[in-house]
Amino acid sequence: MFETVVKAFRNIVFNKSRSFLTLFGIAVGIAAVIITLITGDIGSSALYDEIDGLGMGGLAVSTKKDNAPLTKRELDSIKKLSNVNFAMPLIFDTTGAYVNGEYKNIFLWGIDRNAEGAISLKLLHGRFINKGDIAQNAKVCMVDMKFAEENFGSEYVTGKNIVINNGDISAPYTIVGVIKTGSGLLQNIMGNVIPDFIYIPYSTMQNNTHNSNFSQIIVKTDEYDTAEKDIIRTIERNTSTNELYEVSNLAKQKDSLKNILNIFSVILSAVGGVSLIVAGLNIMNVMLVSVKERTREIGIKKSIGATRTRIVMEFMAEAVIISLIGGFVGVISGIGIMFIASLIMGLTFKVNIFIIVLMMLFSVIIGALFGFYPAIKAASLKPVDALRYN
């Protein structure tokens, strides 16, 4: 067996150019599939984190009609439910802010204290909005690190003021905290298309707009289905209404989105797989040419006692080795490209070992599958006919 492998390596080295082109085709196909699968994993993970960062890991209670109340009374009744772990009011508005006299489009969030229980907020500097801010309708805010760096040139901006438009009021707000939200995927990809997020006390937002209603109530629970029914039943009983409220299971929506991303990954992987088939056909073509070139050599070997199995093994080994080396180069190239891309985009790089093993196994199968026919053809040559070949 060792001798067979050595001879296969010698034949590959002897035909350097042809072997390299075949190897390159396999490497490109494997790299394409690796890039597609890793992109799917990284993208799904980052988008999952981003959705969690927007509070989309639980239930969102909202109204179907503008005149249906969603106030503190409904919030308190939801908090009393035994299967609710955490509930937070949420108010949002698309508006603007003035930073050093320059107008900026922003997405304004009215949040409660302990909002990090529902929204992924990582405190970098300063503090979160607290109970006192809520009680006093304080004009304080938290800004994202990206917003701070772009508008102040530094992330250390606690104590500085920005002017926020909300309702009929345009007033200065003191920055009390600098945070990082979610994975930052949307901001990294979309840039200036998505407005910056700024967080203020929900009570301040209610006071500015003279409206005690919430936009939504975000609920964290371990029992989604039962909590969803209990919430609707409780609110409808308290408000004496029917079918005016809805509860969106954001966890299920998140899973649906992930399934869609997985489907895209499979489709793109199939496209990459086509290039592997083309590379496999190239292996077959190269091996058939090799059989033709080495016809006299095969005849000599068979005339001195080489068996069909020995001839088949030599050609199969050559095809598998080319495919295996190409697969290895493709895996390393694909991982390297995605690692660099992840660094550039600021995403967390991750690679599934199972994918690497699968691709290496697949490259071996491609080599064996498309090298089998040329090997059989070589082994089927009759010694007399092979020796007469010029």
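The legends below describe close-up views of a predicted model, in which local features need pLDDT of at least 70, side-chain atom pairs count only at pLDDT 80 or more, and totals for chains, interfaces and linings use all residues. Residues are numbered from 1 along each chain as its sequence is written, and side-chain values use heavy atoms, with hydrogens and water left out.

**View A. A salt bridge joins the side chains of glutamate 74 and arginine 73.** The N to O distance is 3.3 Å, a salt bridge being a side-chain nitrogen of Lys or Arg within 4 Å of a carboxyl oxygen of Asp or Glu. Glutamate 74 counts as buried at 0% relative accessibility, whereas arginine 73 counts as partly exposed at 48% (buried means under 20% relative accessible area, exposed over 50%, and partly exposed in between, with a 1.4 Å probe and protein chains only). By this rule the count of salt bridges comes to six.

**View B. Lysine 146 and glutamate 150 form a salt bridge.** Their closest N and O atoms are 3.0 Å apart, and the two residues, four apart in helix α5 (residues 145–152), are separated by about one helical turn. Helices here are DSSP runs of H or I with at least four residues, numbered from the N terminus.

**View C. Lysine 104 forms a salt bridge with glutamate 102.** The closest N and O atoms lie 3.4 Å apart; lysine 104 is partly exposed at 21% relative accessibility, and glutamate 102 is partly exposed at 45%.
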